[in-house]
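Colleague: I have not looked at this one before. Can you take me through it?

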Amino acid sequence: MTPQEQAWREQRTAVIRKYEETEKRTDFIDDDEIRRILESRAHPDRPQIEEVLAKARELKGLTPEEAAVLINCRDPELVQEVFATARWIKEEVYGNRIVLFAPLYLSSPCVNNCAYCGFRHTNDAVTKRTLSLEELEQEVRILISKGHKRLIVVYGEHPESDIDYMCRTIEKIYSIKKGRGEIRRVNVNAPPLTVEEYRRVKDVGIGTYQVFQETYHHATYRKMHPANTPKGSYRWRLFAQHRAQEAGIDDVAIGALFGLYDWRFEVLGLIIHARDLEREFGVGPHTISFPRLEPALNTPLTTNSPYLVSDEDFKKVIAVLRCAVPYTGMILTCRERPEFRREAIRLGISQVDAGSRIAVGGYAEMEREHIPDRQQFQLGDTRSLDEFIYELCQDGYIPSFCTSCYRAARTGCHFMSFAKKGLVKNFCIPNAALTFKEYLLDYASPQTRALGEEVIGHYLEWFNQKMPKRTPQLHKLLQQVEAGERDVKF
Ligand code: SAM
Ligand code: SF4
């Protein structure tokens with residue numbers, strides 16, 4: 001570690017210590033209580049499971065105790081009922097639209113030493129670097145030219161990628177235009193910040209701020225994150241979203257890295273975290289992520305952890321979360337293999353990335369699907385955005401690049417009250433159609449364009465049945481897009 005890195009790490013750790021001494025909130029994750037809940041519902045019977053599924057269909061969410069009933073459901077026939085309920089909820093709240101985005105890794109140097117991560121400081125097998133603004137522009141231009149409108153930018157925790165770098169790079173991304181394209185929403189996945197730092201990223205116009213707790217289990221957290229690193233503080237990370245909310249960022253996102261500890265425990269941890277945010281701020285997380293541990297170079301834990309989650313269990317993770325937090329967006333990433341993504345999306349996913357590259361500077365070398373010595377971990381799905389969209393259309397989904405809620409300030413509580421009235425479906429689908437039309441005209445292959453137009457036609461019929469009075473408005477807007485206007489909103 002260079003003296004500069006050492007000094008920065010010490011300074012960061014001192015900020016976190018000071019915070020820990022002054023934070024009044026109490027840690028809401030009680031490991032013994034979570035274990036007790038799971039054990040007390042270890043063998044639910046059919047009536048118990050059916051009662052919880054009936055409650056889930058009321059779209060009011062589930063308590064941790066109710067979620068534990070579904071987590072422990074093992075009868076194959078009843079598991080299928082859990083999956084069917086999750087599918088029904090997704091359809092009811094979000095309709096058949098799937099929001100698309102791309103990750104953009106801006107920096108990999110990191111002063112932390114997370115046991116599962118290829119970017120950890122002591123991992124010399126992976127070459128780390130931070131993009132210059134010129135390199136960033138090149139990456140963004142490529143992403144725009146593929147049709148992307150929404151990004152999640154990803155940073156390591158390092159002096160090269162501090163708060164100043166974050167703000168500079170986000171501002172830069174919003175300033176880049178290419179043809180009729182531009183990035184309209186920049187979400188962030190980065191280390192937790194102080195309230196003052198969150199205010200600065202809010203001011204440059206970020207969408208969602210995402211921080212994963214990685215594991216909610218305290219002892220495992222300590223094992224994975226050395227105490228002398230910034231990430232060593234469980235509480236600093238647990239209240240990352242609370243501080244972001246205090247700073248006025250009302251779209252915050254949570255997540256756990258599945259494979260570090262018992263998945264059942266992590267699912268309850270996520271639900272309890274979501275409920276605590278809702279209790280304090282009146283709004284839960286905007287999205288939940290549940291990345292599964294993927295192989296990373298020179299990182300044995302990623303393949304030998306005793307807690308790796310099987311596909312069958314992982315489908316339960318998704319379905320139980322969908323039942324427990326019906327109005328929260330759920331993200332499934334390109335970590336997963338194509339066949340599995342296709343199956344899992346049906347269980348309640350509302351957002352996915354596609355055409356992703358995760359090496360820093362990886363889009364400039366798009367043809368290289370994997371660059372193991374520059375990546376944090378290995379991707380499972382490296383198909384192009386266009387290929388992926390074609391498959392979504394085949395499966396009856398309407399792909400969406402919509403960013404209008406965020407730009408109409410329908411975030412946080414506003415978004416949730418909107419979602420709860422079922423309006424997401426009625427506004428999101430027309431806006432999905434408009435942004436998908438832009439994609440088809442500007443970026444799609446001939447094959448995807450033909451199928452995509454059919455999908456839009458199908459949704460126009462659906463929309464006409466549901467909202468006949470507003471259909472002419474949608475037709476008019478689609479014609480405006482056809483005539484070359486961009487960024488039109490329903
Ligand atoms: N460095 C920041 C942090 O840790 O908060 C930004 C996020 S990190 C680059 C993105 C996320 O990738 C981590 O929060 C972690 O959940 C996930 N991740 C790390 N190693 C992984 C692996 N081997 N497989 C899958 N996901 C991994
Ligand atoms: Fe750094 Fe994030 Fe990787 Fe941990 S997960 S080593 S904090 S990049």
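Modeller: What follows covers the ligands and then the domains.

Modeller: This is a predicted model, where local features need pLDDT of at least 70, side-chain atom pairs count only at pLDDT 80 or more, and totals for chains, interfaces and linings use all residues. Residues are numbered from 1 along each chain as its sequence is written, chains are lettered from A and ligands numbered from 1 in the order in which they are written, and side-chain values use heavy atoms, without hydrogens and water.

Colleague: Which residues come nearest to ligand 1?

Modeller: Asn189, Glu214, Lys231, Arg237 and Glu294, out of the 20 residues around ligand 1. A residue counts as near if one of its heavy atoms lies within 4 Å.

Colleague: Which oxygen or nitrogen atoms of ligand 1 have a polar side-chain atom of Arg237 or Arg335 by them?

Modeller: For Arg237, an oxygen atom of ligand 1 at 2.7 Å. For Arg335, a nitrogen atom of ligand 1 at 3.1 Å. The protein covers 95% of the 560 Å² of accessible area that ligand 1 has on its own (Shrake-Rupley method, 1.4 Å probe).

Colleague: What surrounds ligand 2?

Modeller: Cys110, Asn112, Cys114, Tyr116, Cys117, Arg120, Lys231 and Gln376. A backbone N or O atom of Tyr116 also lies 2.9 Å from a nitrogen atom of ligand 1.

Colleague: New topic. What are the domains?

Modeller: The domain assignment gives domain 1 (3-27 + 94-407), domain 2 (31-88) and domain 3 (422-482); such bounds come from an automatic or database assignment. The contact between domain 1 and domain 2 takes 27 residues from domain 1 and 25 residues from domain 2, with contact meaning heavy atoms within 4.5 Å.

Colleague: How many Å separate their centres?

Modeller: 28 Å for domain 1 and domain 2, taken over C-alpha atoms.

Technical notes. A polar contact is a pair of N or O atoms within 3.5 Å; within protein, one must be able to donate a hydrogen and the other to accept it, and residues adjacent in sequence count only if both atoms are side-chain atoms.
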